Amino acid sequence: MAVITISRQVAALGDEIAASLAEKLGYRFVNRKQIEKRIVELGFPAQKLPKYDERKPGFLASLTKDSDEYLNYLQYAVIEAASEGNCILIGRGTFIILDELPNLVSLRLISNDDVRVSRLQKEFDWNEKQAKNRIQESDANRKGFHRSFFNLENEDPQNFQLTLNTARMSINDAVKVIECFVKQSVTPEKEAAGKIKIDLMLKAQELVNQLLFDYKININFLAATVDSSPNENGEYVLHLHGVADSKATCDKAFEIAVKLMPALQVKSELTVVQGYKSY
């Protein structure tokens, strides 16, 4: 069981390779529309999705709580999909959301600009200027999205295990390379560790969303992480992070977390900043 994430430039054959790879491996390809649908099902307003989904939020949009809510729902949708195993996810920072998974295979697909222009011209019957404008817009949006939500450069090859230039290989050749890499790098031990880790990540994100959306706890930048290994007592430790304007708010969040997560040891690393208002 591997979880494969694909980060791609526009017109680098990301969807085509993902679909072909899924068929070859017998995996599920979780595409853009499925992730968008799940985000809306979880509670994010569909009309607000275009402001945030794989694009840099505008100045005013970035200052609202909608930005944090979108990220929380996105992370839940991605982790939930990955928890089912044997899947391929594309775009939307999936490679960084799932970065701690031992059985993760993170890929980056790129292509020469002239090849990308040619592909877009052929697919949409565009002229050269239209194709170049689309490439510039897409590259800027994806770069801004990753900087805004993850403080990370999506074009940096250090963030990926494998980068392929699809201008220099066919879809079939790319699939063969990836298939071989997956089979060589994802061992049974990594699969077992990955199953435990993704279940813990899902519980942590469920807790965050419950605190924020069900209990209406006013904590900014709330996040929960779980150690990959149990402590000396055999318990997994869940850490709560975030910023609140009172100790009472932090204490309430901690008490609810302990109640909701009886199988985990909960540690509060919440920060109190008196009078803190981020919105």
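Helix H9 and helix H10 (residues 247–260) pack at an angle of about 130 degrees, with their axes 11 Å apart. Axes here are lines fitted to C-alpha atoms, for helices over the stretch in contact, and angles run from 0 to 180 degrees between N-to-C directions. H9 and H10 are therefore oblique to each other. Angles under 35 degrees count as roughly parallel, over 145 as roughly antiparallel, 65 to 115 as roughly perpendicular and the rest as oblique. The crossing of H9 and H10 is right-handed; that is, the near helix is turned clockwise from the far one by less than a right angle.

This is a predicted model, in which local features need pLDDT of at least 70, side-chain atom pairs count only at pLDDT 80 or more, and totals for chains, interfaces and linings use all residues. Residues are numbered from 1 along each chain as its sequence is written, and side-chain values use heavy atoms, leaving out hydrogens and water.

Now look at the contact itself. Leu-207, Gln-210 and Leu-211 of H9 meet Ala-253, Ile-256, Ala-257 and Leu-260 of H10. Contact means heavy atoms within 4.5 Å. By class, these residues are 6 nonpolar, 1 polar and no charged. Ala, Val, Leu, Ile, Met, Phe, Trp, Tyr, Cys and Pro count as nonpolar, Asp, Glu, Lys and Arg as charged, and the others, Gly among them, as polar.

H9 spans residues 188–214, 27 residues in total. From first C-alpha to last, H9 reaches 38 Å, close to the 39 Å expected at 1.5 Å a residue. The expected span is 1.5 Å times one less than the number of residues. Lys-216 follows H9 and has a positive phi, near 55 degrees.

The axes of H1 (residues 14–25) and H8 (residues 171–185) come within 9 Å and cross at roughly 55 degrees. H1 and H8 are therefore also oblique to each other. Their crossing is right-handed. Among the residues in H1 that meet H8 are Ile-17 and Leu-21. This contact has 7 nonpolar, 1 polar and 3 charged residues.

Finally, the sheet. 5 strands form an open sheet in the order E2-E3-E1-E4-E5, with parallel pairing. Helices (H or I, at least four residues) and strands (E, at least two) are DSSP runs, numbered from the N terminus. Two strands pair if DSSP finds at least two bridges between them. E2 (28–30) and E5 (162–165) are the edge strands, each pairing on one side only. 3 bridges join E2 to E3 (residues 87–90). Val-30 stands opposite Leu-89 in E3. Helix H4 (residues 65–83) lies across E1 (3–8), E2 and E3, at about 160 degrees to E3.
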